[in-house]
Each structure stands twice: as structure tokens, then as C-alpha cells.
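Thanks for making the time this morning.

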Protein chains: 2
Amino acid sequence: MSIDQKVVNTIRILSAEQVQAAKSGHPGAPMGIAPTAYALWDKVMKYNPADPKWVNRDRYVLSGGHGSALIYTLLHLYGFGLTIEDLKNFRQLGSKTPGHPEYGHTVGVETTTGPLGQGFANAVGFAMAEAHIAAHFNREGFPVMDHYTFVTCGDGDMMEGISHEAASLAGTLKLGKLIAFYDKNGITIEGSTDIAFRENVGARFAAYGWQVIQVEDGNDWQQVLAAAQQAMQDERPSLVICPTVIGYGCPAKQGTAAAHGEPLGPDNLLETKKNFGLPLDDFAVLPEVYEHTKLAAEKGAKAQKEWEALFAAYAKQYPELAAEWKVWFSDELPCDLLHDDAFWAFEGSNATRNTSGEALNRLAARVPNLFGGSADLCPSNKSNMKNSGYFSAEDRDANNIHFGIREHAMSAICNAMALHGGVRPYAATFFVFSDYMKNGIRLSAMMKQKVTYILSHDSIGVGEDGPTHQPVEHLAGLRAIPGLLVFRPADGKETAAAWYVSQTDGRPTCIVSTRQNLPTYDEDGRDALKGAYILSDCEGTPDVLLMASGSEVEQIMAAQPILAEKGVKARVISMPCMELFKDQDAAYQESVLPHAVRARVAVEAGVTMPWYQFVGLDGAVIGIDTFGQSGPYKKLFPLYGFTAEHVVEEALRVLGK
Amino acid sequence: MSIDQKVVNTIRILSAEQVQAAKSGHPGAPMGIAPTAYALWDKVMKYNPADPKWVNRDRYVLSGGHGSALIYTLLHLYGFGLTIEDLKNFRQLGSKTPGHPEYGHTVGVETTTGPLGQGFANAVGFAMAEAHIAAHFNREGFPVMDHYTFVTCGDGDMMEGISHEAASLAGTLKLGKLIAFYDKNGITIEGSTDIAFRENVGARFAAYGWQVIQVEDGNDWQQVLAAAQQAMQDERPSLVICPTVIGYGCPAKQGTAAAHGEPLGPDNLLETKKNFGLPLDDFAVLPEVYEHTKLAAEKGAKAQKEWEALFAAYAKQYPELAAEWKVWFSDELPCDLLHDDAFWAFEGSNATRNTSGEALNRLAARVPNLFGGSADLCPSNKSNMKNSGYFSAEDRDANNIHFGIREHAMSAICNAMALHGGVRPYAATFFVFSDYMKNGIRLSAMMKQKVTYILSHDSIGVGEDGPTHQPVEHLAGLRAIPGLLVFRPADGKETAAAWYVSQTDGRPTCIVSTRQNLPTYDEDGRDALKGAYILSDCEGTPDVLLMASGSEVEQIMAAQPILAEKGVKARVISMPCMELFKDQDAAYQESVLPHAVRARVAVEAGVTMPWYQFVGLDGAVIGIDTFGQSGPYKKLFPLYGFTAEHVVEEALRVLGK
């Protein structure tokens, strides 16, 4: 057996071995994909395990994250520091080898995958970031950004809608350095793919404008290699279809659904090792396998060294570009935004979707590497950067993106652009359609990526479009996601705060904005950085605490003087971001919401659920726990109780007056 | 001008007129789609405005719901009772003509559309219901279920991932009576479709196994009619591609994005009327138009009469089938499930995913028209009905469905199957992937459809698969949806309650179940129908209220005797469904959660947000406000504080002990 085939089979065995040790997991996919992975990791891809974050490395995404054992095997064999001990601890608490690959947890994992299709769309995002950065920085003879993005994906990825969205956009954008390998093994959990999936995937991708390459035998790494090399020459993105066998090499289980999601069993694993002529001991690896795989590390180190020399020469010839490169790849902003008063200045009456657009444009004038756009709602959600054109197959250097009506892919693409580095991505749509990308937003939070979500038309304030377009439960739903900042600004200055946070905090940020006009208040926008603050206080200890976010701050502000006339001292608290408020120390929280004051009224044009943590059993929440209706918002707001008078009523009620 | 063309142009004008009157809305799509709508509503479709719910009517879906003015115009012209006055009140509060078509609000609207792609997937669901019912009931010479499903859709529908999922499944299932008309007008909100969407839609649908018919001119209703007739002959689903002009007929705006989402303007509207040679007065309709359109009503009445005669003869020849038909189309269950003790009996240790599977199968033995399945996770989420096979192109009569890995389409399909009537649909996946169908679930709730969602693997109890597969925020997210019942049963008997509610309440129901085993408690499962109940009480007034749902009922039950030993009287409350509990009268709520008892501890392996409404500022919630980790669940539960000891600690803390 050739050394190449020995490595391929070792990849299979080490993957199956992990699953066996854990007594749970997915051996089938790794065993089928092993030849493709070998062709890529051993022959094609440019990476340096000694510096896994080298910016010009090729990116590899395992879209079917349930095959995580494969990536751990590769990271072990190719020198990324995972040990045999790590593999033995597959799926154990605290191990480097969790059930699905987790970005930030295991060195060499480029993105967290598992929810099917996300990885495929991530790959499109990596390729978009690469194309954009390359167009901006590369110069004749200096391809300083010049890498490929490879993704392996399975039938599940192909069935999920997100893969359609991402593939259609990738075809439109002609992302030639994106290459997907479709592990076509004909098996899903419920049986043969035929039971639910008879489409011609190749024809579908050709319809998207992809090059489609059919490999005859996906078990033959050389055929896959040849296909990869052909794919790398085309200006279109490429889909390489690899017919494989799930659980390949396991005589009892290969080609069956039984190979998918459970260990092969000790006897079957042994039979598989025998079948491959590999050592029978647990986790045994032939020395010649390591001798071979370490060559890739040497090759990678050399590649990075050459790139560094190239970049040094580039920096000499184009010092300004090299300086700009530093800015793009820095986590810090290139300006002191916090003290830049022009960024924070807003006045008059305006919708926060407009002030968000203004803040975005002020930011774009100061920060060169914002890169984002909308799911075909830019004129409505004000997500255009006026100082730039639109990224396209013809213009790679432009900063605005037409994502098309593809929210789910948009979120996954933005996640990958943030992971890639060099750009600051944002995604915009109507707030209600955050539903369509819920899992992508969840993954932004899980991966702690600086993705900004512009979510306009935030409540029944949408008005005439009616309940399908009026978010009601969405603030609660997004606030429930751990590690996500949900900002609902009350005016332009708070919008600036939201944008500031989105670029400096590190967590993903949702900027939830109104369609309708709102007043500007007297605060300093920087007050909002604490998540909640006293916008207008009474003298002495308040009788009642009034709190709200966004547009409903208007009603509590208006209620304050009416209550004062009735002898009730009300404190007005603007709470644009519950998460940031909960991050503050106990003393600050107490200074805003004194524990002793139990008469509390919260007002928000959304479901009441999130506010009980602040008002308790004795307070009141004015919210909307039903769907809205179609009609002018000025009629809807009073209908649903969002008036100063109703706030006053509730305040008096909780005070027992 | 022919009378046909006059009607087509009247449809255009009446639609644009509504938008003009409302000063908001979307004139462009209706003006482009009018010829297709005319061909369908006037020449092809079988319906009876005098009985809009006739079960064998053809279904029509306007997937681009923003074009709602079109459907209102059609419902007016074709006699469904909408008046000119209704059209004048387009998008006004309380009108019959809201911004997007709303099922249950406007007679003749088959489904609520607006979020793009939902309507397209709904159409697949209508066609699946029809095919299934037809296969079960039709007999030689008696096609008692025999209707088509027509859907018009636009570029947005085609871009959304849900359309891919639904179309791929429809092709696999060979739904020949499903016919989609693609309104290809080349324009989206941000400009020409070319900016983001260059795929070959026809080739893509051919790849799905659809018949694709290219109409040369979508403005010519006769061409569209011919295509429709051709489509109706094929055993494959058909896509009819209609090149149209957005805002057709408006000299100043046709073919531009400006025609999409704002009124034409009074002058432009007048010019358009002149252009068509139609009356210039507001909402004026030529008498010959009404004379013509009323013929369709007569045709429809006749068709229904013929069908009724057919059905009467069928009932004579096949009385048992006719009786069964009645059962299928009844909203009531054919059995007294509430008092059927065999349905409610569970014991021993088991995972609620298993008891859910058992309850489903008990139900399937009693109720013939359950029709559902899983997004390729049936062996895991136990959603198979063992007394039936799988619905497919070859076997239409079987009750189980392989949805494929397509959650979003699955939800929309189930919505439509419920809307269709005759079947009781359910959809199953892992709880975490409810993310992928959030908007579909939202629409189940908005349309008040009896769709059951089986959502297994409900917490960090998932274990080794790690955070991508461990729901954390999902209970909060779904509970936030108005009108949705979220059931998280603590044992088999509560699972039975969830299934009972799912079939009798009328609202959609989520059944959220565990991967891991749980004990069976001493309650009667019917106790759970009140949403929350005292599972184990102390003597006299409790010192502390312990409440939990699902798997964490185990920890509060175990805490009760430990607390008793310490002299603390604890009441144990199982709260499987917050929504049903909140439906109960104040007296019952007080009997479970006495207002005076403020020492309260809620325990749930999810984010804490939903529980503050029950524990207030002085209680405690043991939850998980971060993502989980990969590892065996028996290690994860104590790590995140889900132990009886921690419950005891928190109880003592809130008691100040």
C-alpha cells in the first residue's frame, strides 16, 4: 500500500477510534471523506501548523460538523498540537475534542459547525472576505491576500435552504477561489437519500453558475486531487462531487445508515483495521505516517516564510497600503471614537433607522474596513455606506454588499467574514426576519464574533404591513441568546452608542431600530454604554421607577410630569441594552434600580417576558403579548396601551393609588 | 380591447388604486402578475365564492404577500364578498384588507403570506395533503379529492432557502398537481435582480425534477393559460416562468424598483388608467367587467354541485370511506381521548422523547389522519407511526413523511396541511433546530393552526454533541411567540397531556422532550392540562415554592425531603406549559402559587428569563444563561447547578436562612 493510502486509512481509523472511545459520535462521514481530506490537507492546502492564524492560509471548513473526529485526526496528524490523549478524550467534558468542532476552543478549527449548511455558507463568507481584501491590497507581483477556501459538505448541507442561498450568491459573485467537495454517500439518518432527496445536485449548482466536477470515485484521493487542481483554475466557484461510501472500510457497516451516528463497535473496528492492514492496538499509528504528515508542516512553514518575504517587499514598495493592512487586521479601531463628539451628536426628530444609517456612515468615514449590506432592504433599513460602491463579480474593492433576499446565508457569511479577519462585517434586514437567521445569530454569539446586525422596523410601529412584519416576540428571543448584545436605542445618540459597542465590545450586536420618528433626549449618548441609565430623575427617592427601551421611552418621559402633578415622584430609566446593564457592578445597578423601590413599570412594544426580571411580582409591564395588526402606527400605539396616560395609570396602580 | 384584457387591466388598476388610497403598499407586483392571476382565477381554477371552504376547491397562494392588493382585487371581482369600500380601506386598522393577506381574517385567503418563501412552501403542503387524501379516499370513477394548488411567486421567494427546500421535496415526491408561476420581473428593492441573483431558476427547478415551462410574455394571459394547461397534464410539479414587468402599464414607473413598494402617485395612476382606456374615477369598474367575472362564480357553483353529486354517489357506494372522510375533516377527535386511561398510562424510567413516541403511536392507533414526520431525525426523536409506511411518489396513502433535512420548509408545509384540512400534521426535529423554522412556527401561531412540533433533545441533557446541539435559549424564544403552546413534560404522563392538547386545543403545540431518562411521578397526566399543578405538597402553608419543568422536576422533587429535614416546608410544582397555566383563572393560579409566598425557586435547564414572572425579585432561578459544553450529561447537570443540593441552597438563601 502506498504511504498516501496508509495515511488515508489512518485518518479513517483514528476517526472511528475516537468515536469508539467516546462510545458516541459519527464515524461514517470521516471514513468516507478521508480521501478528500487527505488530498486537501496533504497535497493542496497552504497552512502552517506552527502559526495556525497566518492570515494568508487556505481555509478549510468541515460543514458536516458531526464528523468532528475527522478534523481532530487531521489536526493531530498535521501537527496542530492535538495529541493522541486529546483524541482519546473525544466528546469528554473539558477536552479539546468536543462533539462538534468549536472555533476558539480547538486550535486549527476555523469555524464552529454542526447545524447543517452553516459551514457551507461560512465558506462563502471566507471567500468573499478574501476576494475583497485581495482586491483592495494586492498589487502587480504582490498577491499578499491570495488563499483558497475549501469546504466539505454532505447531503444534509445540500438539503438545507441556507446552502441554496449561499451557493446562489457565490455563483452570482463568481467566487472562483471557493471550492466545495460534496461527500455524496447516498445515506442519511432515515435511510437512503432517495427517500427524500432525488434532485440533481450538480445540475442545480451549474444553474447557480458554478463549475461542477464529477469525480468517478471519491474513495480515490488522486481523483479528488485532480479535481481540486482543476477547480482551482476556474474563475467560477467549483463543486466537486465525490461519490463516497459512508463508513468506508468497515465490512459490517459501510454504506449503511448504521455507520452514521454510532460507534462501529470494538469488533467491527478491529475488522476494519485488519481490512486496511493497519496496527490493531488502540490509537496506534504507524511511524511512517507521522514521517509523511510532518512534511506538510515543513512545506507550510516554508510557504509562510515566502509570504512574509513577499509582504516585507510589499511594505517597502507600498508603505501606505501596508499601514492600512495593519488597520484592517487590527481588533482596535483606528480612531478614538469614544471621544469623537461629532460621532455622537444627534438632534431633532428622527427614526432610529435613519440615525443608525447616519451613525454607520460616520463610522465608515472613520473606519475603512466595514463590509456589509442588506438582504434587499437597504433603502428601508438604511444600511448603505455612501462612500463606497457595491461588492460584485466586477468590483471586488467596494464595501457594500447586496446579499439578496437570503437572511440565513447572510448571517453565516458575516460570521465567516469576522472569523476571517481584515473586515468588520454587518448584516441588515427587517427585525422580524431575524427569524430567518436565528441560528446564524446564535453562532455569532457562540463564536464571539464581532458581527453587527442592523434590524429595523422594530415593533407594531411598522404599522400598515401588519403582523407578519411586526416583530413582537423578537426582542425576547434575541435577548435570550447568551452572549448577544441587543440594543434598542431611544434616539440618535443611543444609536451611536449601539454602533460604538458593536465595534468595540467583541460580542455580536443587534441594533434594533424604528421605522417611525422619535425625539432626541438630553442625555450624552455615552450614558447608554452602561446599558441602562437615569434619563430623567425626580428629586429625592423615587416613588416609582419607569423604564423602557427605544420608542417607548417617549411614553415614560411624557408620563413623568403627569405623575409629578399627582404628587408621584417618578424616575425615568432608559434601558437600551439589558445585557450591558447586567454586566455593570451591583452598585451601579442599585443606583439605577434601587432594590427598595418596588413600584416599577416597564414599557416596551414587545412581549412582556424580558421585563419581569426588573419589575418583579409587584410591578407592571406594558407590553404586547399578542400579534399586532395592520394599520397606521399612530392608531396602533394607543390601541395596545402605549400612551403616557396608560403608563400613569399603571404607575398609580402599582403604587396602590 | 377584449373583455379579458379589460379585466386584466382592471385588476391592475384596482390594485394600484388601493395602494394609492392607503398611501402605502406595493402596486408593482399586482400589476405584473395580473395576467397570470386572471388566467387562473377566470379560466383555470375551480372554486365557489358562495362556499369558499368547499374542500375540493383549487388552492391559490400569493407567495409574495406584499402584493396583497392583488388578492383583494380578485376576491372583490370574483365575488368573495369584499366590497369596493373594503378596497378603499386597504391597510387600515380593522379593515378586511390588511397589509399582507391574513388567513382567518379575510374570506378566500388560503394562507397568511408576507415572509418570503413561506407561501411557496405552503403550496407544497397543500399539494401533499391533496395527494395523500386523494390516495386514501379516491376510488375508480370517484375522484372526491382532486384539486390543484397554484402559487405565484417572485424573485424573493426564489432566493429564500425555504423555496429550495420545498421545491426539492416537491420534485422528489412528484407532486404533479402543484403548479408555480414565477413572476420574473427582474427587479428587487435594491435594484435589478442581476445585482444579487444571476442563477438560472429554470435549470435549478429542472434539477429538482420539475417540469419547467418558459412563457415568452408573461403579460399575455393567453400564453400563461396555455402554460397552465400544459402544466396540469404533467405528473411532475411545474414551474411556469412568466417574464413580466413590475408596475406594468404605469408609463413613468413600470420596470423600475420605484414601482415596488410605494404608491404610483395620483398623476401616474391617472396616466395608467388613460393608458389602459379605463374609467378615470377612483375605484371605478366597468359594468362589463363585473358581468364577466360573475360567470366564474356560476361556473364554480356548478362545479361544487357536481362534486356534491359525485360525493353523494360515493357515499352510497363506499359508506365506510364516506364515514371516515367525515372523521378526517372533523375538528373533533373520533374518540374520547381524555377518558381513555390506556392513552394516559406510563410508568418507570424513560426519556420523554420515547414516551412522546409512545403517545404518538397510541394516538395514531385511535386517530386515522395524523400525517407527519421528521427532518431526517426520526430514529432520534421518535416520530414514526409504526402502523403506517412512508408517504412517497410511489405510496401516497402512507402517513409518515420523510421531510429530509429541511426544517424551514417542513414547518410551512405542516402549516398548509393543517390549513388544507383532512389531516393532522406534525413536524419533528431536534429542539435546537427549531431555530431553522422559527418563522414557520410563528406563522402556525398567527394562523392558529393545529400543528404539532416534536422537539427532542431539549437541553444540555443532549450531552456530548455540545453547544451547537444543546438548546439553551429556545424555551424562552418559543414561549415568547404569542399563541403558541410550549409543553416540556416531566414524564410520560405529561407527554400524553402534551399530545392531547396538541390535538384538541386548536393552537399549535411544541412538545419539548429529553434525550435522557426521567422517572415517572405519581400525578394523573390530566393534571398537566392546567399547565402547572402541585405535584407534591407539604402540610399547611408552604415556606417555599419550588417549580420546574421537564427534567428538572427531578431535582425539585429530590430537594423537597431534604428541605423537610431542615424544617422547611416546600411545595413542588410541575409547570410543563406556562401558557396553559396563564390561561387558568386567578383562583387556580393562586391555589398553585399563593401570592403571599415570596420564597420561590424555579429550576429549568434553559435561560432564566421566562421564570421571573413567577419568582419575582425575591426568588431565585436556577437556569443556564450561557452556552453548554460537550460532555456526558451526567457531568453537565451538576456542573451547571442542576442538583437537589443546589435547589436546597437556593431555597434556603431566598428564605434568608
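Let me start with charge, where the rule finds 12 salt bridges across the interface of chain A and chain B. Please keep in mind throughout that this is a predicted model, and that every value I quote is computed from it. One salt bridge to look at joins the side chains of Arg598(A) and Asp618(B), with a nitrogen-to-oxygen distance of 2.7 Å. Across the interface of chain A and chain B there are also 62 residue pairs in polar contact, counting pairs in which both residues have a pLDDT of 80 or more. If you ask which element gives the most to the side of chain A that touches chain B, the answer is helix 7 of chain A, residues 161-172, which contributes 7 residues.

How many residues of each chain are in contact with the other? There are 105 from chain A and 105 from chain B. As for the area, the size of an interface is often given as the accessible area lost when the parts come together. Here chain A and chain B bury about 8500 Å² between them, and 59% of that lies on carbon and sulfur atoms. Within the area that chain A buries against chain B, Glu190(A), Met609(A) and Leu617(A) supply 9%, which is more than any other three residues.

Now to the rings. Over all chains, the structure holds 70 aromatic pairs. Phe637(A) and Phe642(A) are both buried.

In chain B, the rings of Trp344(B) and Tyr500(B) have centres 5.7 Å apart and planes at 50°, so that pair is tilted as well. Trp344(B) belongs to helix 13 (residues 341-344) of chain B and Tyr500(B) to helix 19 (residues 492-504) of chain B, so the pair ties together parts that are 156 residues apart in sequence. Trp344(B) and Tyr500(B) are, again, both buried.

Back in chain A, there is an aromatic cluster whose members include Trp54(A), Phe137(A), Trp307(A), Tyr314(A) and Trp328(A).

Finally, two cases of a charge over a ring: Lys177(A) lies over the face of Tyr148(A), 5.5 Å from the ring centre, while the charged end of Arg362(B) sits over the ring of Phe346(B), at 4.1 Å from its centre.

Technical notes. Residues numbered from 1 in each chain as written. Chains lettered and ligands numbered in written order. Heavy atoms only, no water. Phe/Tyr/Trp six-rings, centres within 6.5 Å; stacked < 30°, edge-to-face > 60°. Buried < 20%, exposed > 50% of the residue type's maximum accessible area, 1.4 Å probe, protein only. Helix = DSSP H or I, 4+ residues; strand = E, 2+ residues; numbered from the N terminus. Lys NZ or Arg CZ within 6 Å of the ring centre and 35° of its normal. Contact = heavy atoms within 4.5 Å. Buried area = accessible area lost by both parts, 1.4 Å probe. Salt bridge = Lys/Arg side-chain N within 4 Å of Asp/Glu carboxyl O. Polar contact = N/O pair within 3.5 Å; in protein donor to acceptor, adjacent residues only side chain to side chain.
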